[in-house]
Amino acid sequence: MKAARQREAMRAQNILGYNEQLLLDFPDGLLTAHEPTIAERLQALIEAQQPDTIFCPFPADGHGDHQATALATGHAAVAAGFDGPVLAYEVWTPMWPNACVDISALATLKRQAIEVYAPQVQNRDYAAAALGLNRYRGMRHSVDMAEAFFATSPKDFVRLSAALNSLN
């Protein structure tokens, strides 16, 4: 499965055109057991790379690995002293966004990138659902499609993540 995930990530990178990716090689489906170590690794990356913005899944996403990633990311950002925005995005569960970006010109690329992950969505048309949500989000902003985010500070993100995690 590790090799398959790496191939998928490389294909998505080629489609979306970003320059660099780093795979942390934690076991698929078991990230909750590794949250502290993931946070340490992410903290080191944040300190070394000094990003302007951090993106991660929304902490109430309907997938345990995505929840663990969000929790670890929040703790890493705070521990690294990061003071930029954390932008959480939707994967499996719609959220209440407070920021949207027009992705109308990128919808085809988004569909192609999603379709790279065919094994994870083989029994459902995830691309159609995600793009449908983007179209719905866009209506409110008078654009064809919008990507939604929950944007906040690292400290508020950790508080939100902890509160949502306590509800599980």
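**Salt bridges, a sheet and a helix pair**

Glu8 is buried, because its relative accessible area is 6% (buried is under 20%, exposed over 50%, partly exposed in between, with a 1.4 Å probe and protein chains only). This is a predicted model, where local features need pLDDT of at least 70, side-chain atom pairs count only at pLDDT 80 or more, and totals for chains, interfaces and linings use all residues. Residues are numbered from 1 along each chain as its sequence is written, and side-chain values use heavy atoms, with hydrogens and water left out.

Stay with Glu8. Its side chain meets that of Arg5 in a salt bridge, 3.4 Å from N to O (a side-chain nitrogen of Lys or Arg within 4 Å of a carboxyl oxygen of Asp or Glu). Both residues lie in helix H1 (residues 2–16), three residues apart, about one turn of the helix. Helices (H or I, at least four residues) and strands (E, at least two) are DSSP runs, numbered from the N terminus. Arg5 counts as partly exposed, at 26% relative accessibility. Arg5, Glu8 and Asp28 are linked in a network of salt bridges.

The count of salt bridges comes to six. One of them joins Glu147 and Lys110 at 2.6 Å, N to O. This pair links distant parts of the chain: Glu147 is in strand S4, Lys110 in helix H4 (residues 107–115), 37 residues apart. Glu147 is buried at 15% relative accessibility, and Lys110 is buried at 19%. Helix H4 also holds Arg111 and Glu115, four residues apart. Their closest N and O atoms are 3.5 Å apart in a salt bridge.

Four strands form an open sheet in the order S1-S2-S4-S3, with mixed pairing (two strands pair if DSSP finds at least two bridges between them). Strands S1 (54–57) and S3 (99–102) are the edges, each pairing on one side only. S3 and S4 (residues 146–152) run antiparallel, joined by four bridges. Here Ala99 stands opposite Phe149 in S4. Helix H6 packs on the sheet, touching S1, strand S2 (86–89) and S4 (contact means heavy atoms within 4.5 Å).

H6 has a helix partner too. Helix H3 (residues 64–79) and H6 (residues 154–166) pack at about 150°, axes 9 Å apart. Axes are lines fitted to C-alpha atoms, for helices over the stretch in contact; angles run from 0 to 180 degrees between N-to-C directions. Among the residues that meet are Leu71 and Val78 in H3, and Phe157 and Val158 in H6.

H3 also contains His66. His66 counts as buried, at 19% relative accessibility.
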